[in-house]
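Subject: Structure for your review

Dear colleague,

Please find below the structure that I am handing over to you. My notes on what was found in it follow directly after.

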Amino acid sequence: MTKAQSEAITNHWNRFEIPLEGKIDPQSLFYSIKPKEVIFEIGSGMGEATAQIAAANPDNGYVAIEVHKPGIGALIIRAESLGLRNLKIINEDIWDVLSEHIDDHTIDKFHIFFPDPWPKRSQSKRRLLQPAFISLLAKKIKSGGEVCIATDWLPYAKDIEKSFAQVPDFEGGVVPRPDWRPITKFEGKGISKEHVVTDFCYKRA
Ligand SMILES: C[S@@+](CC[C@H](N)C(=O)[O-])C[C@H]1O[C@@H](n2cnc3c(N)ncnc32)[C@H](O)[C@@H]1O
């Protein structure tokens, strides 16, 4: 963690933190706005896309869930420099957050951009987007809500399609790159290695 990231957490964490005590009501997390939609971003990384999307949509509330502390520091730095008031952060594993702290059918959208690809065949069981996790998303999202995904790892993209096909609550599939999703440093690196990026959108029935 850089000094700036560590200082950002020390100085501003209390403004962004959602403490994990009991159930969280997504709609009541944002004091200063009555959010049109509450979007959970799973694995926000260094927060590049998170901060830009939140800045472009001040009427929505964004909740970034990330286990990696330096990434949280980096996101806080971006959020502070943009003066974001519609962003909250949870420093915990998404499985725990969703299964223990969120009531069913309370989240409008999920963003999952470039989930860890676990490229080796022996590691693929560790991928997040598998039928059991997709069923958990189906339980927590509102009817009509959307899951937006991007990956630059083609074998993972194929698995994502297969896994969603096993969860009948969702309809959708590959979509053109949405113009609201900014190109991040992470995505740029993949593109420079000639990785093909696949975007998906799945809607909850
Ligand atoms: C490959 S990075 C992509 C980051 C970012 N979305 C981007 O596009 O640059 C995946 C991120 O997901 C986070 N992550 C992986 N598993 C997670 C979990 N179970 N709960 C929360 N975050 C997770 C990792 O720490 C990592 O920062």
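The shell around the ligand consists, by class, of 10 nonpolar, 6 polar and 3 charged residues. In this count Ala, Val, Leu, Ile, Met, Phe, Trp, Tyr, Cys and Pro are nonpolar, Asp, Glu, Lys and Arg are charged, and the others, Gly among them, are polar. Of the 19 residues around the ligand, those that come nearest are Gly43, Gly45, Ile94, Phe114 and Phe186; a residue is near a molecule if its C-beta atom, placed from the backbone, lies within 6 Å of it.

Please note that this is a predicted model: local features need pLDDT of at least 70, and side-chain atom pairs count only at pLDDT 80 or more, while totals for chains, interfaces and linings use all residues. Residues are numbered from 1 along each chain as its sequence is written.

Overall fold

The chain has 7 helices and 7 strands, taken as DSSP runs (H or I of at least four residues for helices, E of at least two for strands) and numbered from the N terminus. In sequence order they follow the pattern α-β-α-β-α-β-α-β-α-β-α-β-α-β. The radius of gyration of the chain is 16 Å, close to the 17 Å that the globule rule gives for 205 residues, so the chain is as compact as a globular protein of that length. That radius is taken over C-alpha atoms, and the rule is 2.2 Å times the number of residues to the power 0.38. The C-alpha trace spans about 45 × 40 × 30 Å along its principal axes.

Among contacts between residues at least 6 apart in sequence, 80% join residues at least 24 apart; a contact requires C-beta atoms, placed from the backbone, within 7 Å of each other.

Interior

Buried residues make up 36% of the 205 residues. A residue is buried if 20 or more other C-beta atoms, placed from the backbone, lie within 10 Å of its own, exposed if 12 or fewer, and partly exposed in between.

The largest nonpolar core has 50 residues, and those with the most contacts inside it are Ile65, Leu75, Ile76, Phe110 and Val147. Helix H3 gives the most to this core, with 6 residues. Such a core is a set of buried Ala, Val, Leu, Ile, Met, Phe, Trp, Tyr and Cys residues joined through C-beta atoms within 7 Å. Leaving aside residues up to four places away in sequence, Val147 touches Phe110, Ile112, Leu137, Ile141, Phe170 and Tyr202.

In helix H2 (residues 48-56), the residues Glu48, Ala49, Thr50, Ala51 and Ala54 are buried. Their cover includes strand S1 (38-42), helix H3 (69-82) and helix H7 (185-192). In helix H5 (residues 131-140), the buried residues are Ile134, Leu137, Ala138 and Lys140. These pack against several elements, including helix H4 (94-101), strand S5 (141-151) and strand S7 (198-204).

Individual residues

Ser81 lies in helix H3 and is exposed, because 10 other C-beta atoms lie within 10 Å. Ser81 and Ala51 are 30 residues apart in sequence and 9.8 Å apart in space, C-alpha to C-alpha.

His105, in the loop between H4 and S4, has a positive phi of about 55 degrees although it is not a glycine. Trp118, in the loop between S4 and H5, has a positive phi of about 40 degrees and is likewise not a glycine. His105 counts as partly exposed because it has 13 C-beta neighbours inside 10 Å; Trp118 counts as partly exposed with 16.

With kind regards

Methods. Contact = placed C-beta atoms within 7 Å.
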